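Open the model and try each one before reading on.

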Amino acid sequence: MAEIKKVGVALLGVGVVGGGTYEILTTKREMIKKNDNIDIEVKCVLERNIERCKQLGIDEKIVSQNIDDIVNNKDIQIVAEFFGGVEPAKSFLIKCLKAGKSIVTANKEMFSKSWPELEAAAKEGGAGLYFEASCVGGVPVIRALTDSMQGNAITGLKGIVNGTTNYILSKMSDEGVDYDTCLKEAQKLGYAEANPTADVDGFDAMYKNSILSSLAYRKRVPIDKIYREGISGVSVDDINYGKELGYAIKLLAISKCLDGKIEARVHPVFIPASHPLASVKGSFNALYMHGDNVDDVMFYGRGAGALPTGSAIVSDIVFAAGKLEKPRRFYWEDDVTVNDDDFASDFVSKYYVRVAGNKAAAEKAFSGAKIEILKSVEKDGQVIFLTGEAHESTMKNALAAVDSVKGLIRVED
Ligand code: HSE
């Protein structure tokens, strides 16, 4: 039998996900040793809350408040970070990478904003970057993109990548509960970020879209290239009218790579009620992708929570432990960031538009902009239009002349 590889790990923070990770590493240590021939030992925990450490059964001797205890510890090869936010996570991880320690993180904000700097530090230290838990929590979408889709050019992805907004929209849609009440419940249930703006205004989904799209198209798609709109403007009325027309509402992270042009966006979308993503309810997440050979694939599961996210972190730790001699890195020497020539900023979509009265003004605006009306329905003194495809700028310019627009939602088939 091959000799068991001993690997030392440090955990930066043992809050919700850090605690879940510690629990899995402890309860599954023997199983991982047997299955993967790797013995993973937590050698240091960076945590101020000693009570929390005691609660988790962590030996006080391995608890520290000084990152240098980890940076200088030769027995630690992998550092997993659970702080969230950009700093101090970024500075601590860069220090660790430069010292040759591979990093594992669920921190989508820090990772999407700092990927090139982390990459440079990883190269300097001969270490690797692992971030499976940063997108779609416990669902293994990153490794699917990097290790299972190599035989494909990926042409597009659509994801429900934020559990808070999916919970809110599902509840508004299924129970008719208003937005503010749903948000409060999502916060109570612990799905929402500390500042729920990150969820409801689409920032969290934008960070995840940046990471997923960069991997899908093998070009870094920075967050400033991603159109972003949150869910606070979505009304129960529009959700109900959309339902009557056969649509479900979702906040989607969408990206496409067509004819060499990449587009990426996050906004509320009407999708057909028969689309597989429409059945993803509550705080669940899903990623739907198209590869030119595999066709459509879909991944579904829990995008947040201590144990689901901890599951992805532990998977990364085991994966990283197996790759210490040839650590995983992505973007370094070549400039592979999308530039303006690679990017389609003015995307094309179909639209749902609701206007109060004055049908003729809306029809005139659509006709003047050469936007086809596929269907129009009169309801409760209002008119709902479903249009053919139009550039976003064309639609916005056309509607600037209509003063009674009450709702606008993009439609994806
Ligand atoms: N706030 C995030 C969500 C947590 O609601 O999906 C997981 O990234």
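Rings of Phe, Tyr and Trp (its six-membered ring) pair if their centres lie within 6.5 Å; planes under 30 degrees apart count as stacked, over 60 as edge-to-face and the rest as tilted. With this rule, the count is 12 aromatic pairs. The model is predicted: local features need pLDDT of at least 70, side-chain atom pairs count only at pLDDT 80 or more, and totals for chains, interfaces and linings use all residues. Residues are numbered from 1 along each chain as its sequence is written, and side-chain values use heavy atoms, leaving out hydrogens and water.

**Exercise 1.** Classify the ring pair of Tyr-247 and Phe-270, and say why it gets that class.

*Solution.* 
- Geometry: the ring centres are 5.7 Å apart and the planes meet at 25°, so this pair is stacked.
- Location: Tyr-247 belongs to strand 9 and Phe-270 to strand 10 (residues 261-272), so the contact ties together parts 23 residues apart in sequence. Strands here are DSSP runs (E, at least two residues), helices likewise (H or I, at least four), numbered from the N terminus.

**Exercise 2.** Which residues do ring pairs link into a cluster, and which ring does the charged end of Arg-143 sit over?

*Solution.* 
- Cluster: Phe-111, Trp-115, Phe-131 and Phe-330 are linked by ring pairs.
- Charge: the rule asks for NZ of Lys or CZ of Arg within 6 Å of the ring centre and within 35 degrees of the ring normal. The charged end of Arg-143 sits over the ring of Phe-319, 4.1 Å from its centre.
- Another case: the charged end of Arg-228 sits over the Phe-203 ring, 3.8 Å from the centre.

**Exercise 3.** How do the lining residues of the second largest pocket divide into nonpolar, polar and charged?

*Solution.* 
- Classes: Ala, Val, Leu, Ile, Met, Phe, Trp, Tyr, Cys and Pro count as nonpolar, Asp, Glu, Lys and Arg as charged, and the others, Gly among them, as polar.
- Count: the lining has 5 nonpolar, 5 polar and 4 charged residues.
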